[in-house]
There are 2 protein chains.
Amino acid sequence: MRLAPRNRAARAASKARSGNGDARQATLTIRVDFGPYGYLGPGKIQLMSLILEHGSIRSAGKEMGMSYRRAWLLIDEINKIFRAPLVEKQMGGAGGGGARLSDLGQEVLRRYRAIEQACAKAAMDDLAALRTSLAIQPAGPKTRSR
Amino acid sequence: MRLAPRNRAARAASKARSGNGDARQATLTIRVDFGPYGYLGPGKIQLMSLILEHGSIRSAGKEMGMSYRRAWLLIDEINKIFRAPLVEKQMGGAGGGGARLSDLGQEVLRRYRAIEQACAKAAMDDLAALRTSLAIQPAGPKTRSR
């Protein structure tokens, strides 16, 4: 059994990869820039999403392969961007307490996801055209560098 | 005399920075991911745009503060993504010839810009809401790290 990809772009990409060996795909990644305040991109958003899911900074960071310290520094950076913290530590209890998204944190996460979805929809036709302009096969590993 | 910022988001950001000292801004940066083929982001697109403008890889790279070698490697990476080169070298002439965007290169650039504009429009309301959720003032330099 396969897990269903989360959104239309992921489904299309999955379909493109399977079966006929066509690896061509074109998807959008967005970042919201706040100038001197910093930015929100896929990494910070995934971390927030995992904190919502797990109720723990440590567990969320672990799932992304980062140390507790690295996860906490990212959260600290996120919290300073906005007028109130997006992630709140909860004190006490066995294991030293967890963490949760504040109301503002949940709103910011929701708006970021709404932007992602609105953009994927708005860009759909141009993305499809770019996909069909790709080479028949991807070149060697060198071109995959990010 | 001030140069007019290129788009609505830039104008809004510029307005936000001037006058009343409100530094709050929220703009979108997009990247198109092609999986194993690589990606197109703001840097490669700016380089293509400058080659269209200057007709020279060297001049385009220089304006972005990169060496000819670095600019050429990026172009080589871009060219291998698609079914035909986006940037073509023109041989001969004084100075060793220039470079131009192919028809496909111009189409890809146009579609990327169209995606940027469509996304900025689709995200406008959520971006405005995120902007008003920012802190009154940006925190210290530490939070500005990218």
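How many residues does the contact take from chain B and from chain A? The contact takes 47 residues from chain B and 47 residues from chain A. The model is predicted.

## Size and make-up of the interface

Together, chain B and chain A bury about 4,700 Å². Carbon and sulfur atoms carry 60% of that area.

Polar links cross the interface too. The rule finds 16 residue pairs in polar contact between chain B and chain A, both residues being at pLDDT 80 or more. Four elements of chain B each supply at least two residues of the side that touches chain A: strand S1 (27-33), helix H4 (68-81), helix H5 (103-122) and helix H6 (124-132). H5(B) gives the most, with eight residues. By residue type, the side of chain B that touches chain A divides into 27 nonpolar, 10 polar and 10 charged.

## Salt bridges

How many salt bridges are counted between chain B and chain A? The count is two. A:Arg111 forms a salt bridge with B:Asp126. The closest N and O atoms of A:Arg111 and B:Asp126 are 2.7 Å apart.

Strands of a sheet pair through backbone hydrogen bonds, either parallel or antiparallel. Here, four strands form an open sheet, and the pairing is antiparallel. The order is S2(A)-S1(A)-S1(B)-S2(B). Which strands lie at the edges? The edge strands are S2 (39-40) of chain A and S2 (39-40) of chain B. Each of these edge strands pairs on one side only.

Now the join between the chains. Strand S1 (residues 27-33) of chain A pairs with S1(B) in the antiparallel sense, over seven bridges. In this region A:Ile30 stands opposite B:Ile30 of S1(B). Within chain A, S1(A) and S2(A) also pair in the antiparallel sense, over two bridges. A:Val32 has A:Leu40, in S2(A), as its bridge partner.

How do the two copies relate?

Note on methods: Residues numbered from 1 in each chain as written. Chains lettered and ligands numbered in written order. Predicted model: local features only at pLDDT ≥ 70, side-chain atom pairs only at ≥ 80, totals over all residues. Heavy atoms only, no water. Contact = heavy atoms within 4.5 Å. Buried area = accessible area lost by both parts, 1.4 Å probe. Salt bridge = Lys/Arg side-chain N within 4 Å of Asp/Glu carboxyl O. Polar contact = N/O pair within 3.5 Å; in protein donor to acceptor, adjacent residues only side chain to side chain. Nonpolar A, V, L, I, M, F, W, Y, C, P; charged D, E, K, R; others polar. Pairing = 2+ DSSP bridges.
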